[in-house]
Structure formats: C-alpha cells, structure tokens
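Hi everyone, thanks for making time this morning.

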Amino acid sequence: MARIAYVNGHYQDLRDASVNIEDRGYQFADGVYEVCEIRDGKIVDFARHMARLQRSLGELRIAMPMPLSALLIVLREVVRRNRVGYGIVYLQVTRGVARRDHGFPPAGVKPSLVVTARPLSFAKNQDTAAHGIKVITHPENRWPRVDIKSVALLPNVLAKQAAREQGAYEAWYVDADGYVTEGASSNAWIVTTEGRVVTRSAATGILAGITRAVLIEALAALQLRFEERPFTPQEAHDAAEAFVTASSQIVMPVVAIDGQPVGDGKPGKTTRRLREEFHRFSSFS
Ligand code: PMP
C-alpha cells in the first residue's frame with residue numbers, strides 16, 4: 001500500500017513527497033514537531049499535543065500554519081489514508097521557504113507543514129515492554145531550550161546512536177550537577193524501593209512530555225505517591241524500578257542502566273500497571 005504524506009496543502013505519495021531545498025527546516029532546523037500515538041485509528045491526547053505545538057511555535061515566533069480545527073482534519077486524513085489503526089502521526093512546522101539567510105525571512109513567508117503517519121506493530125511494542133529496555137547514561141550536551149520541541153535533534157541523534165552501539169535502546173542525559181535530565185527521545189522515571197514514583201520537574205532541563213503529564217494525573221487518580229524532583233544515575237541503580245515515557249512507547253520499563261540491572265532486572269510491577277492503565281487517562285480524537 002502506498003504511503004501518503006501531507007505537504008503544504010497536498011496529499012502525496014511518500015516516495016514523491018518533498019520540500020524545497022531552501023526550506024528553513026532543511027537549512028537551519030528552524031522548525032518544530034509533534035508525534036502523537038494512534039490507537040484504534042484515533043489521535044491520542046490531540047489537545048495537549050496542540051497546546052505544546054502552539055507553545056513551541058510561539059517561543060520561536062513561527063505562525064500556526066492553519067487553525068487547530070483544520071489541523072485536526074489534516075491529521076485524521078493522513079491517518080485514514082495510511083490506514084493506521086495503531087501507530088504514530090508526525091507533524092512538522094518550519095519557518096518556511098526563503099533565500100538562505102540566518103535572520104527571519106520577510107513577512108509573508110508562510111510556515112511549511114508536513115504530516116506523515118505510519119503503523120507500528122502493537123505486538124512488537126508489547127514484546128519490548130515485556131522484556132524492558134536498556135539505557136546508557138550520556139553527558140547532557142544539548143542547548144538549554146529543550147522545552148521547545150525543535151527539529152534540531154543532532155545531540156539526540158548522537159546519544160541514541162551511542163546507546164545502540166552499546167546494545168541499549170535509549171540514552172539518559174546527565175547534567176553538570178550529576179542528575180538525569182531525560183532520555184534522547186523520552187522522559188525518565190524511577191520507582192523507589194518505598195514505592196514513590198519520581199521524575200524531574202519540567203521547569204528546567206527537559207521537554208514537558210505529554211505522556212509525562214497524563215501519567216502524573218494517572219498517579220494521583222491511582223493514589224500512587226509521586227515526587228517531582230531530579231534523581232542521579234546512582235539513585236536509579238538503587239531504585240526498585242525505572243521506566244521511560246513517550247507518545248510512541250507510552251510507559252516503557254527500563255531493566256538496565258549502563259549495564260547494571262535495575263531492581264531485579266525485570267520490568268517492575270508499578271511500571272507494568274501504569275502501562276496497562278495509561279489510556280484510561282488519555283483522550284481520543
Ligand atoms: N523528551 C524528549 C527529548 C522527547 O523527544 C520526547 C518524545 N518526543 C519526550 C521527552 C516525550 O514526550 P511525549 O510524551 O510528549 O512524547
């Protein structure tokens with residue numbers, strides 16, 4: 001089946017879909033993105049993702065490419081045309097096409113919008129979750145504005161590749177004070193031996209994950225103890241459980257950090273429960 005992308009007003013075969021070489025996303029990584037999970041053909045937590053998109057765009061002074069209601073129609077149409085039941089929809093907005101010059105382009109240059117969607121294997125994801133993933137630690141080397149979901153992901157690409165080359169799936173950044181900030185493409189969590197679920201505050205050093213925000217609400221509803229504070233790799237080693245959150249993985253158990261097992265080296269029971277219950281707390285559009 002041909003995959004279909006939306007590119008600046010047109011639905012195109014993915015193989016032919018392309019953007020102008022002077023698109024500022026291509027030239028300067030001058031753009032932002034969102035990834036939403038698709039379940040039963042529905043977009044998970046659309047409103048929250050769009051609120052974050054608008055915030056990222058606002059911080060960079062890029063205009064919304066179209067009203068939210070129209071964006072929802074485009075996302076749904078890309079999901080439908082690609083027949084995605086379970087998977088992800090990806091959306092990218094850049095500052096548009098203009099002659100290469102670092103400063104902003106003249107007024108009137110319209111932002112570019114690209115949307116793609118692809119199915120994921122539910123069985124494969126469940127299998128990964130059943131075994132858990134390994135992470136490595138990596139020095140924090142990103143710019144301080146990681147709160148903006150920018151397409152400038154070079155440090156993340158390199159950290160992820162370092163993880164792959166060490167037989168791990170994710171890299172956890174560790175800041176200059178020795179605390180874990182987040183993963184290269186996920187937020188980082190631990191469950192202490194006293195059963196407290198811990199993740200860093202979104203005030204500094206991390207992207208305010210949508211999965212993270214929904215999970216914090218779930219923790220309250222499930223009456224689990226929650227602490228918003230930084231933790232060190234040592235504390236994560238000594239924890240009962242660890243996991244990461246991201247829209248494409250929801251709650252994914254971490255069973256080893258830098259080659260050392262977390263807890264008993266198996267996915268923890270709180271982590272498994274949170275994975276199972278998560279979608280009771282999300283919305284579907
Ligand atoms: N941090 C980073 C650096 C990410 O790339 C992601 C996923 N895109 C997340 C956290 C998790 O965010 P979300 O739950 O909104 O997918």
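**The ligand site and the salt bridges**

Let's begin with Ile210: one of its backbone N or O atoms lies 2.8 Å from an oxygen atom of the ligand. That is a polar contact, meaning a pair of N or O atoms within 3.5 Å; within protein, one must be able to donate a hydrogen and the other to accept it, and residues adjacent in sequence count only if both atoms are side-chain atoms.

Before going on, a word on the source: this is a predicted model, where local features need pLDDT of at least 70 and side-chain atom pairs count only at pLDDT 80 or more, while totals for chains, interfaces and linings use all residues. Residues are numbered from 1 along each chain as its sequence is written, and side-chain values use heavy atoms, with hydrogens and water left out.

The side chain of Thr211 has an N or O atom 2.6 Å from a ligand oxygen, and the side chain of Lys149 has one 2.4 Å from a ligand nitrogen. How much of the ligand does the protein bury? Taken alone the ligand exposes 390 Å², and 93% of that is buried by the protein (Shrake-Rupley areas with a 1.4 Å probe; for residues, only the protein chains shown count as cover).

The shell around the ligand holds 17 residues, each with a heavy atom within 4 Å of it.

Now the salt bridges, each a side-chain nitrogen of Lys or Arg within 4 Å of a carboxyl oxygen of Asp or Glu. The count comes to 21. Helix H6 turns up again here: its Arg212 pairs with Glu228 in strand S12 (residues 226-228), 16 residues apart, at 2.7 Å from N to O. Is Arg212 buried or exposed? Arg212 is buried, at 5% relative accessible area, whereas Glu228 is partly exposed at 42%. Buried means under 20%, exposed over 50%, and partly exposed in between (1.4 Å probe, protein chains only).

Another pair is Arg145 with Glu59, at 2.8 Å between the closest N and O atoms. Arg145 is partly exposed at 30%, and Glu59 is partly exposed at 39%.

Terms used: Helices (H or I, at least four residues) and strands (E, at least two) are DSSP runs, numbered from the N terminus.
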